Amino acid sequence: RRLLRTTAWSMAESVGLPFGTYVAVTDLVSPDAGLLAGTAVVWLLIVARRIVTGSVTALLMISAVVLTIQTAVAVSTGYLWMFQLQFPLANLAMCVVFARTAPTGKPLVAQLAEEVVALKQPEAHHPGLHRFFQGATWFWAGLFLLLTLGMAVMMVTEPYKLFMLLSTAVTIGLTVVGAAVCVVWFLAVLRRLGLRLRFSAA
């Protein structure tokens, strides 16, 4: 139950609330106003979290980075190709965010695992698990780089409607595949290291 609550709230504040605001304001006013409102909501959530808890989740920061880039590009220009450019740019930003944390003591995948699915590591961090989280963070950086390059090519070669359809399908597909690979990889690492998952009774 705690796992479900943690996951639901994390997704709601980082995706649900900003996207819901974007949809509502877009219907009432305009797409540009919707993007501005959604971006404002995610930054207000960051400020509120900082004041109340003293920390901000990695997923919320990722949402803020992506929304800010998309809003800046979409609002600052009316050119169609500039609107399309926001998609590879957002993925490039994600690639940089993941790659920047991969070689550190706090790889982003470890932070996301703790914040989104409440995966708590032992107090004394296991070096094998740490190597997995570093490797998984590099893996996601590579996926976002692949998405960046793929969308850049599609932006030049495909018409607008087909680009939007393909970019959505490819993003969802790679995300699902990436998550599945990481789950299988993680379970294999646990078996190799002789570790077990233990679920809380709460």
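**Close-up views of an all-helix model**

View 1. α4 gives the most to the nonpolar patch, with three residues. This is a predicted model, where local features need pLDDT of at least 70 and side-chain atom pairs count only at pLDDT 80 or more, while totals for chains, interfaces and linings use all residues. Residues are numbered from 1 along each chain as its sequence is written, and side-chain values use heavy atoms, with hydrogens and water left out. The patch is made by L89, L92, V96, L145 and L149 and covers about 400 Å². At least two of its residues come from each of α4 and α6. Patches take residues with over 30% relative accessible area and no salt bridge, joining like charges within 9 Å and nonpolar side chains (Val, Leu, Ile, Met, Phe, Trp, Tyr) within 5 Å. A salt bridge here is a side-chain nitrogen of Lys or Arg within 4 Å of a carboxyl oxygen of Asp or Glu. Zoom in on L145, which sits in helix α6: this residue counts as partly exposed because its relative accessibility is 38%. (Buried is under 20% relative accessible area, exposed is over 50%, and partly exposed is in between, with a 1.4 Å probe and protein chains only.)

**View 2. The whole fold, for orientation.** The protein has seven helices and zero strands, running α-α-α-α-α-α-α along the sequence. These are DSSP runs numbered from the N terminus: H or I of at least four residues for helices, E of at least two for strands. Of the 202 residues, 36% are buried. Among contacts (heavy atoms within 4.5 Å) with a separation of 6 or more, 67% join residues 24 or more positions apart.

**View 3. The largest nonpolar core.** This core has 31 residues, and I62, F98, L112, F133, W140 and F144 touch the most other members. Two or more residues each come from α3 (58-76), α4 (80-101), α5 (108-116), α6 (127-157) and α7 (160-193), with α6 giving the largest share, twelve residues. A core is a set of buried Ala, Val, Leu, Ile, Met, Phe, Trp, Tyr and Cys residues joined through side-chain atoms within 4.5 Å. Skipping residues up to four places away in sequence, F144 touches N91, M94, C95 and F98. Apart from this core lies another of seven residues, including V42, I46, V56 and L67.

**View 4. T137 and its neighbours.** T137 belongs to helix α6. With a relative accessible area of 0%, T137 is buried. Beyond the four places on either side in sequence, T137 is in contact with F98, T101, A102, P107, L108 and V109.

**View 5. Helix α2 and T39.** Helix α2 (residues 31-52) has 22 residues and reaches 31 Å from first C-alpha to last, close to the 32 Å expected; that expectation is 1.5 Å times one less than the number of residues. Its buried residues are A33, G34, L35, A37, G38, T39, V42, L45, I46 and R49. T39 counts as buried because its relative accessibility is 10%. Neighbours within four places aside, T39 is in contact with L67, T68 and T71. After α2 comes G54, with a positive phi near 80°.

Note on methods:
Areas by Shrake-Rupley, 256 points an atom, 1.4 Å probe, with all protein chains shown as cover.
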